Amino acid sequence: MPREVLRLAVLGVSHPPANVWARRVVRPAALMAEIPPLERGALMTEQGEVRTYYMGDHAVVLHSGETSHYIDNLRAARPSLWVSCDGDTVRLVTADPYEGEAMASDPERIVEALAMPPAVAARIEAFIAAHHVEEVFHKRKRVPVNMDHDPRAKRILTDGEKWVQSRGKAGLPPKGGE
Amino acid sequence: MTASTAQAAPARPEHEVLRSQQWGLLASLLVAAPDRDTLDLLAGLTGDETALGQAYAVLARTAAEADAEDVAREFFELFVGVGRGELLPFASFYITGFLNERPLADLRHDLQLMGVERAAGRFEPEDHIASLSEIMAGLAVGDFDASVLGCGAAGEAGFFARHLAPWVGQFFDDLAVAPSARFYRAVAEVGRIFTDIEMRAFELEAAAHRGSGGRTV
């Protein structure tokens with residue numbers, strides 16, 4: 001299965017706690033397509049009490065089987081990348097909105113949908129153009145019994161009736177051949 | 001034709017032993033694809049000018065030219081396949097149009113009476129052509145005894161008439177015209193002629209039995 005790996009820098013913002021019992025929490029706030037020459041966890045700016053940290057760079061893996069999800073993502077009002085963190089550590093950055101929202105169902109995790117940098121959007125569009133296979137949804141319906149059709153299997157199976165995979169991605173000729 | 005190497009019990013007449021060996025040959029070719037050694041042995045077969053002899057000569061020539069890997073692929077296409085093979089070599093399928101139907105139940109009942117059961121590690125139902133051929137081979141030399149069967153199926157002839165005669169000719173005809181059959185076309189020819197001879201011999205035997213003072217109904 002073709003896949004492509006992009007690397008993105010994740011910035012986290014930490015606001016001052018709202019009360020004396022709470023502690024500071026770093027939440028992912030922005031993504032950069034270019035990776036800055038910084039250590040993970042480095043303080044980038046401090047504006048009053050609001051601190052911006054560099055949370056390190058992380059891979060975004062694009063899978064050819066999920067191109068339809070990426071299309072849904074790019075068609076949304078704001079194309080996003082979902083960043084999922086355990087504490088300060090970035091665990092997952094994904095362009096698949098359904099995977100991202102599935103991560104958000106875990107209350108232990110911090111999951112943020114951050115605006116997708118235009119450079120990343122362009123690369124995802126190129127990936128979709130290269131690998132997307134349109135699959136039409138086919139609603140199956142019950143067919144009434146037809147007594148003209150003989151339910152018995154054929155005694156001899158001809159070549160044309162043998163099972164071959166003709167639909168779906170695996171039915172396409174291999175890439176790079178011919 | 002030359003006999004294969006198996007040694008049978010000395011008490012059996014030679015023609016029964018040869019019949020048993022031919023049933024055994026059919027069984028071994030239809031249960032799995034032959035390897036190179038088996039093909040070499042087959043290539044050494046010779047035949048006289050009778051139809052069966054000619055069929056064996058063709059089988060020997062085909063075996064000599066065949067590649068073991070091609071034969072294995074052919075066996076896969078014919079009897080295994082994806083989903084199903086080109087042929088379904090089961091008595092139940094040929095007699096009723098469906099697998100695992102009453103013919104299989106009848107056969108299992110008869111085998112239970114005869115005290116024959118499926119070997120460990122064989123997963124095909126008992127009405128597979130290879131297992132039926134193997135049973136016929138055993139019946140010919142007296143390894144198995146079908147005299148306990150009732151309802152017109154007693155004895156070797158009765159077993160054949162009940163479980164093989166209705167469909168075996170059709171099966172070998174189908175094997176001969178299956179799209180993937182190359183080596184197995186020669187096997188089908190041998191099987192077709194051999195089972196035809198068997199069928200007529202059993203009928204002759206029955207007719208002779210009726211003629212020689214059997215009850216007239």
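Mentor: Helices (H or I, at least four residues) and strands (E, at least two) are DSSP runs, numbered from the N terminus. On that basis, chain A reads β-β-β-β-α-β-β-α-β-α along its sequence. That gives 3 helices and 7 strands in chain A. The model is predicted: local features need pLDDT of at least 70, side-chain atom pairs count only at pLDDT 80 or more, and totals for chains, interfaces and linings use all residues. Residues are numbered from 1 along each chain as its sequence is written, while chains are lettered from A and ligands numbered from 1 in the order in which they are written.

Now take strand E5 of chain A, residues 80-86. Of its 7 residues, 5 are buried. A residue is buried if 20 or more other C-beta atoms lie within 10 Å of its own, exposed if 12 or fewer, and partly exposed in between; C-beta atoms are placed from the backbone. For chain A, with its 178 residues, 19% count as buried.

Next, the partners. Two strands pair if DSSP finds at least two bridges between them. E5(A) pairs with strand E7 of chain A, residues 110-115, in the antiparallel sense over 6 bridges. There, Val83(A) has Glu112(A) in E7(A) as its bridge partner. E5(A) also pairs with strand E6 of chain A, residues 89-94, again antiparallel, over 5 bridges. Asp86(A) stands opposite Thr89(A) in E6(A).

Last, the turn. E5(A) and E6(A) form a hairpin, with 2 residues between them. Gly87(A) sits in that turn and has a positive phi of about 65°.
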